[in-house]
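Let's take a friendly walk through a protein fold, one part at a time. Keep the picture at hand as you read.

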Amino acid sequence: MSDGSRGTHVLKLLKNMYEQKQASRVWYNCLKEGLEQIVFTQSAIDEYVFYRGKTIFLCCVDDGIFASTNQEEIDQAINDLRSAKFGIEDKGDIEDYLGMTIEK
């Protein structure tokens, strides 16, 4: 490929995650490593549940929620994940998740 500004290089895709059968597993492994890096422990009963102190993280495919009795711990966990290079959005208090209505 040569367009004058890029020279004569060809880019080779080493890993494509999207549209692959194992995409969700690859994402989960990446998330698990990130959570373990910020000292969350995986539940022995459910592999999609992680905890640290009074904070619990639940994940389902590419969606997750934090639950805690302490808002400061949730805020710290979100900041820690962002520091671990995860682009996450804080959508505030939860009202529904996976089709379930949640009330405080």
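## A hairpin in the sheet

C60 stands opposite D63 in strand β4. Further along β4, the bridge partner of I56 is A67. Altogether, five bridges join β3 to β4, and these two strands run antiparallel. Two residues lie between the strands of this hairpin, and V61 takes a positive phi there, near 55°.

This is a predicted model, in which local features need pLDDT of at least 70 and side-chain atom pairs count only at pLDDT 80 or more, while totals for chains, interfaces and linings use all residues. Residues are numbered from 1 along each chain as its sequence is written, and side-chain values use heavy atoms, with hydrogens and water left out.

## The overall layout

The protein has two helices and six strands. Here, helices (H or I, at least four residues) and strands (E, at least two) are DSSP runs, numbered from the N terminus. Starting at that end, the order of elements is α-β-β-β-β-α-β-β.

Four strands form an open sheet in the order β1-β2-β3-β4, with antiparallel pairing. Two strands pair if DSSP finds at least two bridges between them. Which strands sit at the edges? They are β1 and β4 (63-67), each of which pairs on one side only. In general, strands of a sheet pair through backbone hydrogen bonds, either parallel or antiparallel.

## The nonpolar core

How many residues does the largest nonpolar core have? It has 15, and those with the most contacts inside it are L35, F40, F50, F57 and F66. The elements giving two or more residues to this core are α1 (23-37), β3 (55-60) and α2 (71-83). Helix α2 supplies the largest share, four residues. A nonpolar core is a set of buried Ala, Val, Leu, Ile, Met, Phe, Trp, Tyr and Cys residues joined through side-chain atoms within 4.5 Å. Buried means under 20% relative accessible area, exposed means over 50%, and partly exposed is in between (1.4 Å probe, protein chains only). In soluble globular proteins, nonpolar side chains tend to be buried together.

Take L35 as an example: leaving aside its neighbours within four places in sequence, L35 is in contact (heavy atoms within 4.5 Å) with F40, F50, F57 and L81. Now look at L31, which is found in helix α1. L31 counts as buried because its relative accessible area is 6%. Not counting residues up to four places away in sequence, L31 touches F57, C59 and F86. From C-alpha to C-alpha, L31 and C59 are 9.3 Å apart in space, although 28 residues apart in sequence.

## Two salt bridges

A search of the whole structure finds two salt bridges. A salt bridge is a side-chain nitrogen of Lys or Arg within 4 Å of a carboxyl oxygen of Asp or Glu. One of them joins E47 to R25, with the closest N and O atoms 3.7 Å apart. E47 lies in the loop between β1 (41-42) and β2 (49-52) and R25 lies in helix α1, so the pair ties together parts that are 22 residues apart in sequence. E47 counts as partly exposed because its relative accessibility is 33%, and R25 counts as partly exposed because its value is 32%.

D80 and R52 also form a salt bridge, the closest N and O atoms being 2.9 Å apart. Since D80 lies in helix α2 and R52 in strand β2, this pair ties together parts that are 28 residues apart in sequence. Are these two residues buried or exposed? Both D80 and R52 are buried.

## Out at the surface

I94, L98, M100 and I102 form a nonpolar patch on the surface, with about 330 Å² of accessible area together. Nonpolar patches are made of Val, Leu, Ile, Met, Phe, Trp and Tyr residues with over 30% relative accessible area and no salt bridge, their side chains joined within 5 Å. Accessible areas come from the Shrake-Rupley method with a 1.4 Å probe; for residues, only the protein chains shown count as cover. M100 has its place in strand β6 (residues 100-101), and M100 counts as partly exposed because its relative accessibility is 49%.

Of its 104 residues, 23% count as buried.

How values were computed. Patches are made of residues with over 30% relative accessible area and no salt bridge: like charges are joined within 9 Å, nonpolar side chains (Val, Leu, Ile, Met, Phe, Trp, Tyr) within 5 Å.
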